[in-house]
Amino acid sequence: MDVAFIIETIIKIVVLLLVFSALAGFGTYFERKVLAFMQRRLGPMHVGPYGLLQIAADGVKLFTKEDIIPQNVVAPIFKIAPVITAATAFMAAAAIPFLPEFTLFGYTVRPIIADVNIGVLYVVGVMAIGLYGPLLGGMASANKWSLISAARAASVFISYEVVTGLALLSPIMLVGSLSLIDMNNYQSDSWMVWSQPVAFVLFVIAAFAETGRTPFHLIANDHEIIDGFGTEYSGMRWGLFFIGEYANMFFISFLTALIFLGGFGDGSFLGALALLGKVAFLFFFFLWTRAAWPDVRPDQLMWLCWKVLMPIAILNIVVTGFVVMFKG
Amino acid sequence: MSMEQFQDRNVGKQNYFTVDIEDYPVTGMDKFRRVAKRTFRGELFVGLWVVLREMFKFDIHTVQYPKEKLPIGPRYRAIHQMQRLWESGTERCIGCGLCEKICISDCIRMDTRIDENSRKEVTEYSINLGRCIFCGYCAEVCPELAIVHGGEYENASEQRAHFTLYEDMLTPVDEAISGKQKEFPGFGAITPYEDERVKKTPLAY
């Protein structure tokens, strides 16, 4: 392994961390604005032009607030839980190609940190480890709301891991590779969503559960269990949970766009723009549903997962299998 | 609209109808049918469309409060004001003490004396805003329309007393003489067009 490769990788990692931490901040701004517009409000308006500096104000607040470790919490676990959420979210990004290859000053840059041959498996697996953030944070908090939230986190994440995995199986069967770049290249003629519409819908539904977004927002459901696992957190530790959640939303959007919506196509400049456009739309969709849809109950969520989505996913795999077998 | 239908208390005669609630599904097949119906009716997409439409319509209802303020009704009961007579600029308050008497939370306190012209003069007048419940009785009982409820509802201050010393509530003299005093249309004041609305005392009985 030569030095240039190591330096390049470190630079990529730093850029990725910076870009997506900043995007998480912008994500909160967009979320507040989009939700506000959909509810005929204005959203943040006072800090900076159109409230744009609100992100900076929030950041300053999060960084300067006292980091409270309440009595009776299990301090080491309580402290490490937000780090797990944020870290796993960013670790998952290692195998995601964010843009096609491009040449910068005569040097070919591949905007993927590690094109491992088990890309999808790695991304989905590491994202699943993110479960330990809410779970440990909630259990260590010495707070009943947090405990409920931890229980819900465990049940929801584990259940929907199944749906995510099964939904992704059929595209993987078609492509015959786990690398996200192979997946992207496979769709040069027609997008995966046309050949695997069921898997696409299942994956999107599961993505909502995995990221804990609104129709399935019961892990940190403000109106019944305060902030769930985040109730006892303050300052930047709470902020890390937030960065993790928003980073996860972005990465899941990238994943959906790459696997189902054609990714960056042939890798041209237009293709790169198209990928960013798709990701932006998917992110907007996360916010859009939050404005439009009500939350479901935990038992309804379990019902949906085990009695509806999982059987459909398995049927989809069986049908895909037959098609692959008989058509070659 | 006539009030008739609201005043008719004979339950059972009106055109009431019970809300039509479907029976809960009992059998598994019925449950399945309901799930399928709800899934494929596309209600979720109606929800999405509605919020998207509102976003593009951009019909924003936010009032950016410190910069924009909604008009308040003329009969709103906010901080009290003491009025002066037009032209002469003398204080309207004659020190009768009715407001002090009627105040149900005992928050008005006044002292009077007989001055050189042997007229009653108010020497001290204060309202304890910590106790005042803004019921408006003082304004209603005042025979001279001297104390009225103004429209000042922004009460943040270092001291509650800042609003309620007599001098603060009183219209400045020059304002009254130059005719700039706002004749307050609010609680306790004569409503507009009162002349037309006055009725003769019925003497028939």
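Residues are numbered from 1 along each chain as its sequence is written, while chains are lettered from A and ligands numbered from 1 in the order in which they are written. Because the model is predicted, local features need pLDDT of at least 70 and side-chain atom pairs count only at pLDDT 80 or more, whereas totals for chains, interfaces and linings use all residues.

Start with chain A. There are 13 helices and 2 strands in it. Helices (H or I, at least four residues) and strands (E, at least two) are DSSP runs, numbered from the N terminus. Along the principal axes, the C-alpha atoms of chain A fill a box of roughly 60 × 55 × 45 Å. Its radius of gyration is 20 Å, which agrees with the value near 20 Å for a compact globule of 328 residues. That radius is taken over C-alpha atoms, and the globule rule is 2.2 Å times the number of residues to the power 0.38.

Next, look inside chain A. Of its 328 residues, 44% are buried. A residue is buried if 20 or more other C-beta atoms lie within 10 Å of its own, exposed if 12 or fewer, and partly exposed in between; the C-beta atoms are placed from the backbone. Contacts tell a related story. Two residues are in contact if their C-beta atoms, placed from the backbone, lie within 7 Å. Among contacts in chain A with a separation of 6 or more, 78% join residues 24 or more positions apart.

Now find the largest nonpolar core. Such a core is a set of buried Ala, Val, Leu, Ile, Met, Phe, Trp, Tyr and Cys residues joined through C-beta atoms within 7 Å. In soluble globular proteins, nonpolar side chains tend to be buried together. The largest core here has 91 residues, and A:Ile96 and A:Phe251 touch the most other members. Helix H11 of chain A, residues 235-259, gives the most to this core, with 16 residues. Leaving out residues up to four places away in sequence, A:Phe251 touches A:Ala89, A:Ala92, A:Ala93 and A:Ile96.

Helix H11 of chain A also holds A:Leu255. Is A:Leu255 buried or exposed? A:Leu255 is buried, because 28 other C-beta atoms lie within 10 Å. With residues up to four places away in sequence not counted, A:Leu255 touches A:Ile96 and A:Val123.

Turn to chain B. It has 9 helices and 4 strands. Read along the sequence, the pattern is α-α-α-β-α-β-β-α-β-α-α-α-α. Of the 205 residues of chain B, 15% count as buried. A core of 15 residues, apart from the largest one, includes B:Cys99, B:Cys103, B:Ile147 and B:Met169.

Two strands of chain B deserve a look. Strand E2 (residues 108-114) and strand E3 (residues 120-127) run antiparallel, joined by 7 bridges. Strands pair if DSSP finds at least two bridges between them. B:Arg113 has B:Glu121 in E3(B) as its bridge partner. E2(B) and E3(B) form a hairpin with 5 residues between them, and B:Ser118 in the turn has a positive phi of about 45°.

Finally, see where the chains meet. The contact takes 10 residues from chain A and 13 residues from chain B. On the chain A side, helix H1 (3-38) and helix H12 (269-292) each supply at least two residues. H12(A) gives the most to that side, with 3 residues. The chain A side divides into 8 nonpolar, no polar and 2 charged residues. Here Ala, Val, Leu, Ile, Met, Phe, Trp, Tyr, Cys and Pro count as nonpolar, Asp, Glu, Lys and Arg as charged, and the others, Gly among them, as polar.
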